[in-house]
Amino acid sequence: MIVPVRCWTCGRPVAYLWEDFKSRVLAGEHPGRALDALGLRRYCCRRTLMGHVEWIDLLLKFEQRQ
Amino acid sequence: MVKVQVVERSSGYIRFVVEGVDAGTLNSLRRVIVSEVPVLAIHEVVIIENNSVMYDEVLAHRLGLVPLTTPLESLPKIEECEMGLVDPTECTVKLVLQVKAEEPMVVYSYMLSSDRPDVRPVHDNVPLVKLETGQSVVAEVYARLGRAREHAKWQAGNAAYYAYPRVTLSSQLPDKCRSLLEELCGSVQVDGARCTYGKLKSVEAYCDGHVKVDAEPDKYVFWAESYGNMDVDSLIREAFRILRWKLESFMDALRLKAARYAAAQTALEE
């Protein structure tokens with residue numbers, strides 16, 4: 001639903017890198033290069049960020065009362 | 001004689017080559033780093049208000065996973081906390097989260113305000129939950145010292161080691177092997193501290209006989225990484241302290257057992 005705070009497998013905190021990662025990728029940077037630059041060495045942490053979908057934004061649509 | 005040579009070092013990461021130590025000793029150090037070094041993590045959450053899209057349990061779980069700075073020198077030892085030798089409040093820190101959304105917003109970890117200035121979230125921008133206008137989250141949370149053996153949120157860091165590779169190259173090294181070595185290890189002159197044993201073993205399997213890789217006896221490459229709660233030096237120092245404590249308590253238990261056995265034997269003889 002929202003970014004995992006830590007890597008599922010090794011427990012390294014990853015959530016604090018999410019917004020940086022997202023803006024880098026949206027700016028056209030190669031996701032692999034971006035993860036290298038953020039210092040995620042292990043593939044378990046890399047897939048935790050790579051595979052994330054921010055579903056919470058969809059849920060929030062139902063909460064908008066205008 | 002144990003020889004240690006540091007290859008790479010920063011405040012959160014260390015990699016060194018050790019000689020003259022067996023794998024068992026290194027493995028016990030690794031296991032202590034992974035599952036015994038204590039850190040602070042949020043363990044109790046009193047939710048006063050939560051009308052966000054996230055359930056209370058999920059929010060509490062996310063709060064628990066947020067890494068907190070842990071000044072070990074100004075906290076009681078973990079054994080004292082576990083055995084009740086100190087007041088439990090000394091092993092606990094209170095934090096408060098109070099957010100009301102005036103517009104759509106993200107609740108970040110820096111919004112947790114702590115009672116102690118030396119205990120705070122390691123990273124300021126961990127997204128905890130997203131709020132829509134009018135929603136609010138109010139919670140009183142308590143962090144306590146704990147070990148990763150109990151829950152992964154108390155994990156202080158990670159560590160691993162591998163055998164130091166000894167590489168023998170044939171004089172007629174085929175081009176495919178040369179390029180493979182360059183791609184995986186950076187150069188044909190392999191630096192064992194940087195190119196892993198496992199990688200080299202796959203090169204060996206691919207190069208039919210032109211590259212021979214075996215393990216140097218009692219020589220290992222060890223790396224440790226801190227997850228930010230403390231620097232890697234304090235992490236390793238605390239790991240050694242805990243390891244020594246464990247060995248001492250094992251010896252004490254063994255001595256007690258031996259003394260009881262001896263006493264029972266003499267009682268039998270009389």
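How many salt bridges are there between chain B and chain A?

Reply: This is a predicted model, and the count between chain B and chain A is 5 salt bridges. One of the salt bridges is formed by Arg42(A) with Glu225(B), where the closest N and O atoms are 2.8 Å apart.

The size of an interface is often given as the accessible area lost when the parts come together. Here chain B and chain A bury about 2,200 Å² between them, and 57% of that area is on carbon and sulfur atoms. On the side of chain B, the three residues Val53(B), Lys130(B) and Glu132(B) supply 28% of the area that this chain buries against chain A, which is more than any other three residues.

Within chain A, helix 3 covers residues 43-50 and helix 2 covers residues 31-38, and their axes come within 11 Å while crossing at roughly 120°. With angles over 145 degrees counted as roughly antiparallel and 65 to 115 as roughly perpendicular, helix 2 of chain A and helix 3 of chain A are therefore oblique to each other. The crossing of helix 2 of chain A and helix 3 of chain A is right-handed. Where they touch, Pro31(A), Gly32(A), Leu35(A) and Asp36(A) of helix 2 meet Arg46(A), Leu49(A) and Met50(A) of helix 3, and by class this contact has 4 nonpolar, 1 polar and 2 charged residues.

Key. Residues numbered from 1 in each chain as written. Chains lettered and ligands numbered in written order. Predicted model: local features only at pLDDT ≥ 70, side-chain atom pairs only at ≥ 80, totals over all residues. Heavy atoms only, no water. Axes fitted to C-alpha atoms, helices over the stretch in contact; angles between N-to-C directions. Helix = DSSP H or I, 4+ residues; strand = E, 2+ residues; numbered from the N terminus. Parallel < 35°, antiparallel > 145°, perpendicular 65-115°, else oblique. Left-handed = near helix turned anticlockwise from the far one by under 90°. Contact = heavy atoms within 4.5 Å. Nonpolar A, V, L, I, M, F, W, Y, C, P; charged D, E, K, R; others polar. Buried area = accessible area lost by both parts, 1.4 Å probe. Salt bridge = Lys/Arg side-chain N within 4 Å of Asp/Glu carboxyl O.
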